[in-house]
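Biologist: I have the sequence and the model open and would like to go through the fold with you. Can we take it piece by piece?

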Amino acid sequence: MQTRTLGRDGPTVSALGLGCMGMSAFYGGRGSDADAIAVIHRALERGVTLLDTADMYGPHTNEVLVGKAIAGRRDQVFLATKFGIRLEPSDTAARSVDGRPEYVIAACEASLQRLGVDHIDLYYQHRVDGTVPIEDTVGAMARLVEQGKVRFLGLSEASASTIRRAHAVHPITAVQTEYSLWSRDPEDNGVLATVRELGIGFVPYSPLGRGFLTGAIRSPADFDADDYRRQSPRFQGENFDRNLALVDAVTAMAKTQGVSPGQLALAWVLAQGEDLVPIPGTKRLAYLDENLGALQVQLSADELARIDALFRANAAAGPRYAPAAMATLNR
């Protein structure tokens, strides 16, 4: 397994991590816990060390699942989880963002119990709370480091200015943001430049465009009834058709390379810098192996230029999330 370092002086992890969200939440056809645990075990056997979860996935059930999967294998895992988005188990459509110091402490304790571990390797604030100074939130996170409950701190979907303020309170090891061929916002909003200036690692989530860049999704009807992508703007109406044309172009390029479209898309992300550690998610063994195969795909400068020309900034049609969720990004 190839490895990369999170940040200038951070921990060494596998060059590809595993996003565990879809095993428990948001994507339909989730399958059994046994199947999901088998995927996690295969990932560990293949040398993947970075596992990514969050307390809001489920809510809570994904942390329990990951905890079961890593029981007896803790020393093989660099464990990342997140706090800050609160979902009500009785109504998961109702959500709020909470960055209060007292909530930080309580959320960490709950995650430790669900995961069945005595420490979390990388603890992210999932979304920035616009009503709480980031200095207060990160100050509480820093106390968790002092107590040995957390090793490293991270932020998710934070703005460049917030990252700077947070980093001044306590070193931020990683920033997690959606980044892929069709979500290139971090290049334009200063986030990617800021983390590189500060020596912070960058963890792209949804590097396969929520599965769309694999070419396996040909119609909105391909989604199960409970799949949240049915309500995602990029997967609706004319947006879907325009984005499908982009995917078809990726598929054609991948064919000339003798690789899958998903492998080409992942190889592009990996080629953006050694400071990037993507975390594609899957709940199927075959797709896990396919994703790991992207580590062997080498793209020439000419091929990267062709891909960049096709997937220029804002090439994808439609926003990443519905309006309410978009309002919580880049704070």
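Biologist: How do strand 4 and strand 5 pair, and over how many bridges?
Modeller: Strand 4 (residues 50-52) pairs with strand 5 in the parallel sense, over 3 bridges. Two strands pair if DSSP finds at least two bridges between them. Helices (H or I, at least four residues) and strands (E, at least two) are DSSP runs, numbered from the N terminus.

Biologist: Before I go on, what kind of model is this?
Modeller: This is a predicted model, where local features need pLDDT of at least 70 and side-chain atom pairs count only at pLDDT 80 or more, while totals for chains, interfaces and linings use all residues. Residues are numbered from 1 along each chain as its sequence is written, and side-chain values use heavy atoms, with hydrogens and water left out.

Biologist: Fine. Which residue of strand 5 stands opposite Leu50, and what is the bridge partner of Leu51?
Modeller: Leu50 is opposite Phe78, and Leu51 has Leu79 as its bridge partner.

Biologist: Is strand 5 covered or open?
Modeller: Mostly covered: 6 of the 6 residues in strand 5 (78-83) are buried. Buried means under 20% relative accessible area, exposed over 50%, and partly exposed in between (1.4 Å probe, protein chains only).

Biologist: Which residues point which way?
Modeller: Phe78, Ala80 and Lys82 point one way from strand 5, and Leu79, Thr81 and Phe83 point the other way. In a regular strand the side chains alternate between the two faces of the sheet.

Biologist: What is the strand order in the sheet?
Modeller: It is an open sheet of 7 strands in the order 3-4-5-8-9-10-11, with parallel pairing. Strand 3 and strand 11 (201-205) each have a single partner strand, so one side of each has no neighbour in the sheet.

Biologist: What does helix 3 lie across?
Modeller: Helix 3 (101-115) lies across strand 5, strand 8 (120-125) and strand 9, and runs at about 135° to strand 8. Axes are lines fitted to C-alpha atoms, for helices over the stretch in contact, and angles run from 0 to 180 degrees between N-to-C directions. Contact means heavy atoms within 4.5 Å.

Biologist: Now helix 5. Which of its residues are buried?
Modeller: In helix 5 (160-169) they are Ala160, Thr162, Ile163 and Ala166. They fall within an arc of 155° seen down the axis of helix 5, so they line one face of the helix. The arc is that of the directions from the helix axis to the C-beta atoms.

Biologist: And what do those pack against?
Modeller: The buried residues of helix 5 pack against helix 4 (134-146), strand 9 (150-156), strand 10 (174-178) and helix 7 (191-198).

Biologist: Moving on: at what angle do helix 8 and helix 11 pack?
Modeller: Helix 8 (237-257) and helix 11 (301-310) pack at about 170°, with axes 11 Å apart. That makes helix 8 roughly antiparallel to helix 11. The cut-offs are under 35 degrees for roughly parallel, over 145 for roughly antiparallel, 65 to 115 for roughly perpendicular, and oblique for the rest.

Biologist: Which residues make that contact?
Modeller: Helix 8 contributes Leu246, Ala249, Val250, Met253 and Gln257, and helix 11 contributes Glu303, Arg306, Ile307 and Leu310.

Biologist: Which residues of helix 11 are buried?
Modeller: Glu303, Leu304 and Ile307 of helix 11 are buried. They cover an arc of only 100° around the axis, which puts them on the same side of helix 11. The face turned away from that buried side carries the exposed residues Ala301, Asp302 and Ala309. What covers the buried residues of helix 11 includes helix 8 and helix 9 (261-270).

Biologist: Last topic, glycines. Is Gly17 buried or exposed, and what about Gly31?
Modeller: Gly17 is buried, with a relative accessible area of 6%, whereas Gly31 counts as exposed at 60%. Gly17 is in the loop between strand 2 (12-14) and strand 3 (18-19), and Gly31 is in the loop between strand 3 and helix 1 (33-45).
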